Amino acid sequence: MEQFAVIIDPKFAEILKHHLKKNELWDESRRIQHLRNKAKVALPIRVTSTSYTKQNLSECVSGILQSSQNKDISSLNFEIQTLQLPLAKKHLLKTPRETLCIQVEELLTRKGMKTCTDFINEIPDHWEIHGDLVLLPCSAFKSTALASLGDELWQMVASCLKCNRVARKSAISSDGFRTPQVSLLLGEDGWVEHIDNGIRYTYDVTRCMFSAGNITEKLRIASLDCSGQTIVDLYAGIGYFTLPYLVHANASHVHACEWNPDAVEALQRNLKVNNVAEKCTVHFGDNRQECPTGCADRVNLGLIPSSEEGWPVACAALKPDTGGILHIHANVTSFPSDSFPSDSDSFNCKGAGVDNKDTIKETAINLSGSKERNVHDCSANIYQPNRSIETNIGNVAQEPDSHSEINEMSSNGYNSNKECCVVDNQIPFKGDNYDKGNKKNKYWQVWAEETGTKIKHLLERNNGKEWRTSILHIEHIKSYAPHVDHLVLDLECRPFSLLTDNN
Ligand SMILES: C[S@@+](CC[C@H](N)C(=O)[O-])C[C@H]1O[C@@H](n2cnc3c(N)ncnc32)[C@H](O)[C@@H]1O
């Protein structure tokens, strides 16, 4: 918002300040400034809407002076200028929240409401900035007293947080579209733009969600080399993964499936503004009906808490002759570490959602390149992780002897595990991602193996021939709660005939 000042003779500064204050036109957050060798002084005017102009402020100040019944100032010469005056001392070096507290308090005092609300608890200590729009958490300014201040409050919030529009969240709806429940409090519309890793994402915050928490995964996808590959993005949203595949990973084509019309509108805009629209087909509707089949080298399944309903669709989307890689998202629950058996104990998988040990034995996890040992003997790897870590978890260096397994994998002619090592070196270790002694990681491993088995069975049922699934990598995106983590499993899926032909 523009800032204005009244320019007058310094000897009238105090009296004019008094009248501006009385008429709620005094800007407490700014300081008086001398101008023109102290021949004039500038007094800060508080404006509460963008509709103020020099003209209407001039009329306003004239009116105040004339009604002051003080003949010294009723015909005072003044001019209104747009001028950014320095911040008042009490506003210097304040955090935005402190400034917000001061200004809300002043507003409540002016309205005679200071004592009727415990306003401090309603002042947020975090918010999201989307371009020039600030998105407040759902608890912010919720009481009827504060809400009754309406535009005046939202203008003040906008000016303290240096933006033009204000919106407030409530929960993300469970309508299957994950529609955010956001109300716009100040501004004309909710369309915003995020630039992230050189990609422009536009969307309407009141209608679509932006998954800021997925940034590490977006960077990981962006770092892949997908030249010549066709990708299916089953849960495209506004293009969180579709765009990195096209803009940075150089995918030949992406089939983006999405059933939320608002997200599709944003996705189509985003494809255009990033100049990749001709390399993407948007499939609007339920991916269980609309997804193309038999074309994909990779399928992205970015749906949490579970993308399991999309597994049959993903399997059908893979190329039947060469298969490909699935990137499977899930929120995985692990249990307190002391309830997990030690490495030497016999392993009971029931707690992790796996039926029994035999189920795990069936898991076709091909990690060392030796087909027989992996298919039939993977339990040895599962239960003795210190001897042979067969899965690449998070972004942390492997056990020394696991390197040889990775090298073996990448040299077997079909396995793209090299790519997953490259990704690991590029993204720094974050948070409680992986700790060798952390038993939580064993639950992640069990989840990955169980997923590998289920996918193998789906592929075999679809294609009527034998398939192999290999865990390439487990990426930890973030923790939801102490025992719930958002993970992505990179699962390589190949027809068995391809492996035997290659050897
Ligand atoms: C959580 S968003 C995820 C977006 C992005 N993949 C990410 O992880 O950040 C999930 C998206 O999938 C869409 N979706 C869920 N089920 C779907 C289905 N059966 N068919 C098509 N789209 C679906 C929702 O509308 C939503 O936009």
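Strand β12 (253-258) and helix α10 (287-290) each supply at least two residues of the shell around the ligand. Helices here are DSSP runs of H or I with at least four residues, strands are runs of E with at least two, and both are numbered from the N terminus. The structure is a predicted model: local features need pLDDT of at least 70, side-chain atom pairs count only at pLDDT 80 or more, and totals for chains, interfaces and linings use all residues. Residues are numbered from 1 along each chain as its sequence is written.

There are 19 residues around the ligand, and S211, Y235, G237, W259 and G302 come nearest. Domain 2 (94-188) and domain 3 (211-502) each give the shell at least three residues. These bounds come from an automatic or database domain assignment.

An open sheet of seven strands runs in the order β13-β12-β11-β14-β15-β17-β16, with mixed pairing. Two strands pair if DSSP finds at least two bridges between them. The edge strands, β13 (280-284) and β16 (467-481), each pair on one side only. From one strand to the next, the twist averages 15°. Angles run from 0 to 180 degrees between N-to-C directions, with axes fitted as lines to C-alpha atoms, for helices over the stretch in contact.

Strands β16 and β17 (residues 484-495) run antiparallel and are joined by twelve bridges. The bridge partner of S479 is D485 in β17. Helix α16 (residues 440-463) packs on the sheet and touches β15 (324-333), β16 and β17. Contact requires C-beta atoms, placed from the backbone, within 7 Å. The direction of α16 makes about 135° with that of β16.

Conventions:
Contact = placed C-beta atoms within 7 Å. Near = placed C-beta within 6 Å.
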